[in-house]
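Thanks for coming, everyone. I will go through one model this morning, so please have the sequence and the structure open while I talk.

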Amino acid sequence: MRIENSFILRSYFKGLSSLRQLILLSCAFVSACATQPSLTVQNVKGFVGAPDPVIQKAGQNVLENGGNAADAMAAMLFTGSAVLPSRMGLGAGGVCQVLDPSVGRVKTLHFMSLPTAEKSLVGIPGLARGVYALQNAYGVLRWNAVLSDAVHKATNGVSVSDQLARDILATPQLDSSWRTLKKGDILFQKDLAKTLRSVSRSGSGVLYKDETAQSLTAQGVEVSSDRLKSFRATWMDSMDVSWVKGKTYFVNPTYLSSDGYSIWKNLTNTTNFEKRAKGREKLEKLEKQSAENSRDFKGVGLFAGDDSGLNIVCTISMGRLFGNGQMMKEGFALADAVHREKDASYFMNVMQTNPDMTDVYWIGAGVGTFGLVDGLNMLEGTLMNDRQIDQQAIEQAKKLTQTRQEDLQNFVFWGCDKGYPNQPGSCEKGMNMISVLRKNN
C-alpha cells in the first residue's frame, strides 16, 4: 500500500491542527512564493535560497560567474555577515548538509557556537571556520573571491533592510550607533571590513588566535585560549530515514535532530497506523515543550545547488538577535552558546533525496523557537496527495502570532517532484528560493 493512496492516512491528515495547515500554506501567508520560470536541463545553472534578496544575489553572481554551489553558499554566508549581522554575523554558528555527488553521500558540516569556556553562555565564533571547511572541500574559486562581496558591502555600506531594522528595534542592549539606524539607512562597518579583509588574505584561522581571546576577555567573556585555537568545523555522516520516495536526511550531531529523526521515522511508517499517530503525538508534545522552553532563538536557512549535483542546505544562528548584543572591536557580535539539552528543537535542517542520492526532492532549513516543529509540519506535507485546505483553515492560519510568522520568513523551503538536478523542470515553487539561469540563454 502506497502512503499517498491510503484512504485512512488522507482522513488522518484532514483532521490535523490549523497550525500544521498554516505551515503547509506558509507561502500564502508568510512569504511570497515565486513560481519559477520554465526550467530545462539546458538553461538552469542552479538554485540559491536566502531570506534576503541581497544575500541571494551574492550567491547568484557566483553561480553565474563560474563558481559552484559551495562557492555560492560561502559567498552568501559572508555577505550575510554584513547584511544581516543580527542573525548571521561572523560570531554565528551553524550546520550544513551537503549532497556530495562524487561519492553519493549526504554529509553534515558542524560549526555550532560551542561555549568559549566550560560554563560560558557565550559561543565561539563558528561561521568563518565553517565556511572555510565547506569551500576548501568543494569550492572551485579562490578563497578571496567568495569574500569579495562581503568586504565591499562592509566597506562601502549596505542599505538597512526591513528585517535588520526590526531586529535592531528588538535588541535594546545595542549601543547608540546601531539604535539610530532605520530601514533604508546606509550601514557602514569599517571594523568588520577590516576583519573580513584579514580573513580574505590569511584564512579563517586569524579569528582563533590569542588576539581574539584577548578581545573576548576585554568584553568580560570567560574564554579558554586552547579551546578557541582548537575549534574546528567537523564533518560527519548525516542521519537518514527511508521514506516513500527515497531518503530523508537530518543533521548530525544527533542532539540537534534526534527528536526530528524519531518523529519522522514514525510519520513515514507505511504499515503501522498507530506508529504514524504516535509520531503526530510526539510532534505535538515537542511543540508544547518548545513553547515552554523558549530562549527566543533566531536565525536563517540558506540553500545552494548547482547542475553538477552538489547541493547544500545550511542553518545559521546567533542564538538571540545579535547574540549577547556587544560588538567586539573586530566588528561583530558574539553568539549565544548552543547547549545540547536546551537548544536542539530550535534548529531545522532537512534534505530529501532519491534512493541513489543523485537528486534532491525537498529541502527545508531555518531557526526559531518552533524551528524543528514548523519544519516537520512542512516536511509532513511531502506525504500528502491532496493539499487543498478549506477556507476555515485559512482564516485560522492567519491568526498565527507575529513572532512565529517572522521566524518562518527566514526559513527556506523548496521542492522538486522529480528531483534536482536531473529534472529541474519539476522545481516550480519555493520559499525564499530563486533559480539561476545560464547567461547565454
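Predicted model: local features only at pLDDT ≥ 70, side-chain atom pairs only at ≥ 80, totals over all residues.

Is Met 433 buried or exposed? With a relative accessible area of 3%, Met 433 is buried, because the cut-off for that class is under 20%. Now look for Pro 51. Met 433 and Pro 51 are 382 residues apart along the chain, and their C-alpha atoms are separated by 8.3 Å.

That pair leads to the protein overall. Among contacts between residues at least 6 apart in sequence, 72% join residues at least 24 apart. The protein has 441 residues, and 61% of them count as buried. In terms of elements, there are 19 helices and 15 strands.

Next, the sheet. Strands of a sheet pair through backbone hydrogen bonds, in either a parallel or an antiparallel way. Here 6 strands make an open sheet, and the order is 7-8-11-12-13-14, with antiparallel pairing. Strand 7 and strand 14, the latter being residues 429–431, are the edges, and each of them pairs on one side only. From one strand to the next, the twist averages 20°.

Strand 7 covers residues 239–242 and strand 8 covers 247–250; they run antiparallel and are joined by 4 bridges. The two form a hairpin, with 4 residues between them. Strand 8 also pairs with strand 11, residues 347–353, again in the antiparallel sense and over 4 bridges.

Which residues stand on either side of Tyr 249 in strand 8? Asp 240 stands opposite Tyr 249, and in strand 11 the bridge partner of Tyr 249 is Met 351.

Helix 17, residues 371–380, lies across strand 8, strand 11, strand 12 (360–367) and strand 13 (412–420). Helix 17 runs at about 25° to strand 11.

Helix 17 also packs against helix 14, residues 258–267, at an angle of about 25° and with the axes 11 Å apart. These two helices are therefore roughly parallel to each other, and the crossing is right-handed. On the helix 14 side, the contact is made by Asp 259, Gly 260, Ile 263, Trp 264 and Leu 267, and on the helix 17 side by Leu 372, Leu 376, Leu 379 and Glu 380. By class, that contact has 6 nonpolar, 1 polar and 2 charged residues.

The other helix pair I want to show is helix 5, residues 69–83, with helix 7, residues 127–138. Their axes come within 9 Å and cross at roughly 160°. Since angles over 145 degrees count as roughly antiparallel, that is how helix 5 and helix 7 are described. Their crossing is left-handed. Helix 5 contributes Ala 70, Asp 71, Met 73, Ala 74, Leu 77, Phe 78 and Ser 81 to the contact, while helix 7 contributes Leu 127, Val 131, Leu 134, Gln 135 and Tyr 138. Sorted by class, the residues in this contact are 9 nonpolar, 2 polar and 1 charged.

That is what I have for today. I will take questions now.

Methods. Residues numbered from 1 in each chain as written. Heavy atoms only, no water. Pairing = 2+ DSSP bridges. Axes fitted to C-alpha atoms, helices over the stretch in contact; angles between N-to-C directions. Contact = heavy atoms within 4.5 Å. Parallel < 35°, antiparallel > 145°, perpendicular 65-115°, else oblique. Left-handed = near helix turned anticlockwise from the far one by under 90°. Nonpolar A, V, L, I, M, F, W, Y, C, P; charged D, E, K, R; others polar. Buried < 20%, exposed > 50% of the residue type's maximum accessible area, 1.4 Å probe, protein only.
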